Amino acid sequence: MNSASTKVHSSDRKELCNWGYHIIAACSGVDRSTAVVAISYFDRFLSTSSPFAKCALNDTCKLQLAFVACLVIALKVHSVFDVKLNFVSSVLCDGLYDTREIGLMEIEVLKALEWRLNGPIPHDFIDKFLHLLPLEPIHFKCLSFISKALSEKAHTMYPMALAAPSALAFASIFCSLQYMSSASPLTNLSILHIADVIPGLNISNRQVRVICRRMVPLIQEVSCNYF
């Protein structure tokens, strides 16, 4: 956490996203998808007309506070983790924000999002899409891990901030299938199959193509964590 108020850059968002993944990984029993939910809240909040969101886009301290609030909300809604604002303030934020500031920002985020907190994330679509493919259990497990890790990595990239979750999921699976196709004829067949089973989403879709191009450099790094 940076205590200095400075102009916001796209790299600030990436650092906050990675910090969120790190925090969630340290929370026992909390799925990494909770961090993805928090990032989704954060991006949606910043795209609203809320004066607090506009302020956060011009001040790194306010930007960090908004992300902390989104992370707290995600933990409260999508996990059983007992969130104590005193702990968030003193430990996670190292005293940079007090409990009142965090609580008030939570309210502002909730108001800006109109309490719409259960929208799908790429992970939800990945699981649904993979069940449509003719995969052996071992391939399903591998593809699920790599595709989700790839979508998480891509989610930290500024151009992906408001990409459709379904398009991110499709692109993640497609890139993962392409990477695995050299090792398995079955996954190679699945590349052809996936183009027919998901209406409106295929590699000719412009948004999917753009996402795939950005994901290609990430696939090697992500797959190394599995194999």
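**Figure 1. The protein chain contains eleven helices and zero strands.** This is a predicted model. Read along the sequence, the chain follows the pattern α-α-α-α-α-α-α-α-α-α-α. Of its 227 residues, 50% count as buried. The accessible surface comes to about 11400 Å², and 56% of this area belongs to carbon and sulfur atoms. Among contacts between residues at least 6 apart in sequence, 76% join residues at least 24 apart.

**Figure 2. Helix α4 covers residues 60–78 and is largely enclosed by the rest of the structure, since 15 of its 19 residues are buried.** At 1.5 Å a residue, the helix should span 27 Å, and its end C-alpha atoms are 26 Å apart, which agrees. The N-terminal end of α4 is capped by Asp 59. A side-chain oxygen of Asp 59 lies 2.9 Å from the backbone nitrogen of Cys 61.

**Figure 3. The largest nonpolar core holds 44 residues.** Tyr 41, Phe 42, Phe 45, Ile 102 and Val 109 touch the most other members of this core. At least two residues of the core come from each of the helices α1 (10–26), α2 (33–46), α3 (51–56), α4 and α6 (99–112). Helix α4 gives the most, with 13 residues. A second, separate core of 31 residues includes Leu 143, Met 160, Ala 167 and Ile 173.

**Figure 4. The surroundings of Tyr 41 are shown here with residues that it touches.** When residues up to four places away in sequence are not counted, Tyr 41 touches Cys 70, Ile 73, Ala 74, Val 77, His 78, Leu 113 and Leu 117.

**Figure 5. Asp 12 has its place in helix α1.** The relative accessible area of Asp 12 is 18%. Residues are counted as buried under 20%, so Asp 12 is buried. Leaving aside residues up to four places away in sequence, Asp 12 touches Lys 7, Thr 60 and Leu 63.

**Figure 6. Glu 106 and Lys 76 meet in a salt bridge through their side chains.** The N to O distance is 3.0 Å. This pair links distant parts of the chain, with Glu 106 in helix α6 and Lys 76 in helix α4, 30 residues apart. Glu 106 is buried, with a relative accessible area of 7%, whereas Lys 76 is partly exposed, with a value of 45%. A search of the whole structure finds seven salt bridges.

**Figure 7. Within helix α6, Lys 111 forms a salt bridge with Glu 108.** The closest N and O atoms of Lys 111 and Glu 108 are 3.7 Å apart. At 16% relative accessibility, Glu 108 counts as buried.

**Figure 8. A salt bridge joins the side chains of Asp 127 and Lys 148.** The N to O distance is 3.0 Å. Asp 127 lies in helix α7 (residues 122–130) and Lys 148 in helix α8 (residues 137–155), so that the pair links distant parts of the chain, 21 residues apart. Asp 127 counts as partly exposed at 27% relative accessibility, while Lys 148 counts as buried at 19%.

Key. Residues numbered from 1 in each chain as written. Predicted model: local features only at pLDDT ≥ 70, side-chain atom pairs only at ≥ 80, totals over all residues. Heavy atoms only, no water. Helix = DSSP H or I, 4+ residues; strand = E, 2+ residues; numbered from the N terminus. Expected span 1.5 Å × (residues − 1). Buried < 20%, exposed > 50% of the residue type's maximum accessible area, 1.4 Å probe, protein only. Polar contact = N/O pair within 3.5 Å; in protein donor to acceptor, adjacent residues only side chain to side chain. Core = buried A, V, L, I, M, F, W, Y, C linked by side-chain atoms within 4.5 Å. Contact = heavy atoms within 4.5 Å. Areas by Shrake-Rupley, 256 points an atom, 1.4 Å probe, with all protein chains shown as cover. Salt bridge = Lys/Arg side-chain N within 4 Å of Asp/Glu carboxyl O.
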